[in-house]
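Let's take a walk through this model together.

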Amino acid sequence: MDKLILPKKLNFGDKIAVISASWGGPGAYPYRYQVGKKRLESIFGLKVIETAHALSDPDWLYCNPEARAEDLMQAFLDPTIKGIFSSIGGDDSIRLLPYIDYEVIRQNPKIVLGYSDSTVMHFICLKAGLVSFYGTSVMTGFSENVKMHDYTMNSIKHNLFTTKVVGMMPKPLEGWTKEHLDWQVPSNQNVERKLHPTLDWEFIGCTEKIVQGRLLGGCVEVLQLINGTEIWPALDVWNGCILFLETSEEGMAPLYLKRFLRNLAAQGILFSIAGILFSKPGGVHVLSPQFKDYGRVILEVFDEYQIPKIPIVTNMDFGHSDPMWVMPYGCLAEINPVDQTVNLLESMVI
C-alpha cells in the first residue's frame with residue numbers, strides 16, 4: 001500500500017458535516033439523529049452541520065444518488081469543514097461512484113468516519129490516497145440509548161482528536177451488545193440495551209508469529225458489492241496488509257463468509273496478506289456460541305487453497321456490535337499472538 005495522506009486531527013470547536021451517503025436515516029427518525037448531534041456537540045465540542053440533503057426524505061435520497069455524491073464533494077471542498085461523519089449506513093452508496101471527483105478528495109484531506117455501507121466511502125478515499133476511519137455513525141454509537149458507551153467514546157477521542165499513538169487496542173470492559181430496540185418507538189431511546197460480559201478475543205491460525213501490516217478492510221457484504229469496481233484495490237495494494245472484516249446486522253451465515261473468502265483466495269489476496277482481524281458477527285440471531293463457526297470457515301478456506309497459516313483474531317469489537325473501536329485505514333498494525341494483543345503503531349492524523 002502506498003503512503004496515504006493524513007488528515008488533520010479534530011479540535012474542540014471544529015466544524016464537522018454529517019452526510020447521508022446511503023439511507024436517509026435522519027429523515028426517517030429525526031429524534032434519533034438529534035440525540036447523536038447533541039452528543040457530538042456536548043461531549044466532543046464539535047460544531048455540527050448537515051450536508052444539503054442529509055436530512056432529506058429517505059425515498060427522495062434513494063432516487064437521487066447524484067445529490068448524495070454532490071453532498072460529499074461539497075463537504076470536501078468547504079475549507080471550514082474539518083470532518084465528514086456518516087449519519088447511518090444503508091446498502092447503495094455504490095451508486096455514488098459515477099459522480100465522484102477523486103482529485104477533489106485528494107486535494108482536500110479531512111477526517112471521514114463511518115462503517116457498514118460507508119465502506120464504499122472509505123474505498124473512495126483510499127483510491128484518492130486519503131486515510132479514513134472505520135468507526136461508528138451518528139445514529140448508532142453517538143446516539144446509543146441512554147448514553148454513549150465509554151469504549152466507543154474513548155476510541156473516537158484517541159483516534160481523531162490526538163496525534164498520540166493508540167498502541168495496544170483495549171477490550172470493552174463494559175461488555176458488548178447487539179440487542180435491537182425498535183427506533184419506531186421513541187421511548188426506547190430511554191431504555192439501556194442489555195450488555196453481555198466481555199468476550200475474549202480468540203487468536204487462531206498461526207499463533208507463534210508476530211506480524212505487522214497496514215489495515216485494510218470493512219463490511220463483508222459491502223466488500224462484495226465493490227469487488228471488481230473502480231475502487232477495488234489492485235493486488236499489490238493488499239500485499240502485506242492486515243485485513244479487517246466484519247458482517248452486518250443482516251447476520252451473514254458462515255457459509256457466505258466462506259464463499260467471499262474463496263473469492264479473495266482466487267484473486268490472490270489471501271496469499272498476500274499478513275493477518276486477519278474479524279469482529280463479532282452482526283445479526284441479533286447470531287448468538288455467541290456460533291461465533292466460533294466464523295473462525296472455523298476462515299481456517300477452512302486457508303486449508304482449501306493450501307495457504308500458509310497467518311495470525312487471525314476473532315471476536316473483536318469494530319463492527320455491528322456495540323461498543324466499537326475505530327479502525328484507521330492504512331495504519332500500521334501488529335498482531336501479537338504470543339502476548340495476545342493487537343496494536344496500532346501509528347497515529348493517522350496530524
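Two residues are in contact here when heavy atoms of theirs lie within 4.5 Å. Keep in mind that this is a predicted model. With that in hand, look at I231, which sits in the loop between helix 8 (220–226) and helix 9 (235–238). Leaving aside its neighbours within four places in sequence, I231 touches L97, Y102, V120, F123, I124, K127 and I226. Is I231 buried or exposed? Its relative accessible area is 3%, and the limit for buried is under 20%, so I231 counts as buried.

Now for the empty space. Rolling a probe the size of a water molecule over the atoms shows where such space is left. The largest pocket holds about 870 Å³. It is lined by 35 residues, and those nearest its centre are I88, Y115, T140, E249 and H320. Which element gives the largest share of that lining? It's helix 8, with 3 residues. By class, the lining of the largest pocket splits into 10 nonpolar, 13 polar and 12 charged residues.

The second largest pocket comes in at about 260 Å³. Its lining has 15 residues, with D2, L126, K127, P233 and V237 closest to the centre. The class make-up of the second largest pocket is 9 nonpolar, 1 polar and 5 charged.

An α-helix has 3.6 residues a turn, so residues three or four places apart point the same way. In helix 4, the buried residues are P65, A67, R68, A69, D71, L72, M73, A75 and F76. What do they pack against? Their partners are strand 1 (15–19), helix 3 (58–63), strand 3 (81–86), helix 5 (102–107), strand 4 (111–114) and helix 6.

What about the cysteines? The structure holds 0 disulfides. For C219, the nearest cysteine sulfur belongs to C125 and is 17 Å away. C219 is buried, at 1% relative accessibility, whereas C63 is exposed, at 55%.

Last stop: the backbone. Most residues other than glycine have a negative phi, and most peptide bonds are trans. S116 is not a glycine, but has a positive phi of about 65°; it lies in the loop between strand 4 and helix 6 and is buried, at 8% relative accessibility. Q306 is not a glycine either, and its phi is positive too, at about 55°. You'll find Q306 in the loop between helix 12 (291–304) and strand 11, where it is exposed because its relative accessible area is 71% and the limit is over 50%. Finally, D322 and P323 are joined by a cis peptide bond, with omega about -5°. P323 belongs to the loop between strand 11 (311–316) and strand 12 (327–328).

Technical notes:
Residues numbered from 1 in each chain as written. Predicted model: local features only at pLDDT ≥ 70, side-chain atom pairs only at ≥ 80, totals over all residues. Heavy atoms only, no water. Helix = DSSP H or I, 4+ residues; strand = E, 2+ residues; numbered from the N terminus. Buried < 20%, exposed > 50% of the residue type's maximum accessible area, 1.4 Å probe, protein only. 1 Å grid on protein atoms, 1.4 Å probe; cavity = no way out; pocket = protein on both sides within 12 Å on 5 of 7 lines; lining within 4 Å. Points joined across faces, edges and corners; volume = space filled by probe spheres on them. Nonpolar A, V, L, I, M, F, W, Y, C, P; charged D, E, K, R; others polar. Disulfide = S-S within 2.5 Å.
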